[in-house]
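Try each task before reading its solution.

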Amino acid sequence: MKNTKSLSNLHTKKIHPSLPWLGEQSKGSLKMLEDKVTWRYFWKMVRLFRALLPAPDGLPVRIRITNDVPDERMADTSHHSKQYLIRLKKDLSIRSPELAFTLLAHEWAHVLTWGVEHEHGDEWGLELARCWRLLSGEFFLGGKSNED
């Protein structure tokens with residue numbers, strides 16, 4: 001097993017450079033990049049998700065950061081006749097951009113498993129893992145990692 005105690009180890013170096021919390025490191029803590037840069041990377045990740053993990057039925061996936069998400073949710077996904085819509089709660093996303101990245105992966109997994117019997121079942125879990133691997137930089141074309 002690889003040593004995972006240090007932030008400078010191999011695992012950390014493999015994490016996708018688009019993730020906002022991988023900016024400047026000091027004294028073992030990770031600092032957020034400036035908000036403008038963070039959101040540019042967020043939308044870059046959305047484009048990667050669209051290109052590498054498209055909806056199985058070919059419909060486009062739209063992302064909205066909005067106040068229209070119900071109070072009891074942080075995000076939601078809906079299926080419409082011509083698109084999927086992922087909505088992320090605006091106040092949470094602005095306060096915690098790293099949460100927006102995590103919610104993107106969670107909701108995108110719902111797009112990939114739309115219509116399965118168990119909303120957070122095994123199929124969804126496998127797709128969430130694929131989404132996380134893309135987000136973390138461990139997912140490459142063909143579903144192989146650079147360690148395979």
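**Exercise 1.** How many helices and strands does the protein chain have? Then write out their order.

*Solution.* Keep in mind that this is a predicted model. Start by counting: the protein chain has five helices and five strands. Next, walk along from the N terminus, and you get α-β-β-α-β-β-β-α-α-α.

**Exercise 2.** Find the patch of positive charge on the surface, and work out which elements supply it.

*Solution.* First, pick out the members: Lys-44, Arg-47, Arg-50, Arg-62 and Arg-64 gather there. Helix α2 spans 35-52 and strand β3 spans 61-66, and each supplies at least two residues of the patch. Finally, see who gives the most: that's α2, with three residues.

**Exercise 3.** Take Arg-62: in which strand does it lie, and why can it count towards a patch?

*Solution.* Locate it first: Arg-62 sits in strand β3. Then check its cover. Arg-62 has a relative accessible area of 32%, so it is partly exposed. Patches are made of residues with over 30% relative accessible area and no salt bridge, so Arg-62, at 32%, passes the area cut-off.

**Exercise 4.** Zoom out and describe the protein chain as a whole, from burial to contacts to surface.

*Solution.* Begin with burial: of the 148 residues, 39% are buried. Move on to contacts between residues at least 6 apart in sequence: 47% of them join residues at least 24 apart.

Key. Residues are numbered from 1 along each chain as its sequence is written. This is a predicted model: local features need pLDDT of at least 70, side-chain atom pairs count only at pLDDT 80 or more; totals for chains, interfaces and linings use all residues. Side-chain values use heavy atoms; hydrogens and water are left out. Patches are made of residues with over 30% relative accessible area and no salt bridge: like charges are joined within 9 Å, nonpolar side chains (Val, Leu, Ile, Met, Phe, Trp, Tyr) within 5 Å. Accessible areas come from the Shrake-Rupley method with a 1.4 Å probe; for residues, only the protein chains shown count as cover. A salt bridge is a side-chain nitrogen of Lys or Arg within 4 Å of a carboxyl oxygen of Asp or Glu. Lys and Arg count as positive and Asp and Glu as negative; His and the chain ends are not counted. The place of a charge is taken as NZ of Lys, CZ of Arg, CG of Asp or CD of Glu. Helices (H or I, at least four residues) and strands (E, at least two) are DSSP runs, numbered from the N terminus. Buried means under 20% relative accessible area, exposed over 50%, partly exposed in between (1.4 Å probe, protein chains only). Contact means heavy atoms within 4.5 Å.
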